[in-house]
Amino acid sequence: MQGNSGLVSLLESFWPKNKAKGLLAQTVFHSVINKGLFGADGAEKILYERFLASRPQVERACQNGDFDAAFALLANLRSAIDAYFAEIMVMAEDPMIRINRLSFLSQMSQTLNLIADFTKLVKK
C-alpha cells in the first residue's frame, strides 16, 4: 500500500496502546451482535452502522486483491473509531454488554486482518 500514511494512525485508533488487542485475546466471542445492547445514539451505534455498511465493500476489495481500496474504506472509519474509544467503556460491568462490545471489536479486527496481519507491525 503506497502512500497510505494514515495506516499507523488508523491502527493506533483501533488499538490504542494495544488495549483493545489485549482485551480481544482474553474473550470468547459471539458471532451475532445484539444491537439492543447499544445505546440509542452515540459512538457505539454510529461505528457499528458505518462498519456494517463498509464491511461488504472491504471484503469484496480484498477478494479482488485491491488492498489499497479496502484500506481506504476502513480509513474512513477513523473518526468513528476515535469517538468509540473516547466515549465507550468496552469493559462494561454488565457481562452481556461487555461480551457484545468485545464481539463487535473482534469482528472489526477480523475485517482488518483481511488486508494484513497488523499484529505483526512494530512501532519504532
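What follows goes through two helix pairs in turn. The model is a predicted one.

Begin with helix α5, residues 78-87, and helix α6, residues 95-112. Their axes lie 14 Å apart, and the packing angle is about 155°. Angles over 145 degrees count as roughly antiparallel, and so α5 is roughly antiparallel to α6. The handedness of the α5 and α6 crossing is left-handed. On the α5 side, the residues in contact are Ile81, Tyr84 and Phe85; on the α6 side they are Arg101, Phe104, Leu105 and Met108. Sorted by class, this contact consists of 6 nonpolar residues and 1 charged residue, with no polar ones.

Now turn to the second pair. Helix α3 covers residues 43-63 and packs with α6 at an angle of about 30°, the two axes being 11 Å apart. Since angles under 35 degrees count as roughly parallel, α3 and α6 are therefore roughly parallel to each other. The crossing of α3 and α6 is left-handed. From α3, the contact takes in Glu44, Leu47, Tyr48, Phe51, Arg55 and Val58, which meet Arg101, Phe104, Gln107, Met108 and Thr111 of α6. By class, the contact of α3 with α6 has 6 nonpolar, 2 polar and 3 charged residues.

Which residues of α6 take part in both contacts? Arg101, Phe104 and Met108 meet α5, and Arg101, Phe104 and Met108 also meet α3.

Note on methods
Residues numbered from 1 in each chain as written. Predicted model: local features only at pLDDT ≥ 70, side-chain atom pairs only at ≥ 80, totals over all residues. Heavy atoms only, no water. Axes fitted to C-alpha atoms, helices over the stretch in contact; angles between N-to-C directions. Helix = DSSP H or I, 4+ residues; strand = E, 2+ residues; numbered from the N terminus. Parallel < 35°, antiparallel > 145°, perpendicular 65-115°, else oblique. Left-handed = near helix turned anticlockwise from the far one by under 90°. Contact = heavy atoms within 4.5 Å. Nonpolar A, V, L, I, M, F, W, Y, C, P; charged D, E, K, R; others polar.
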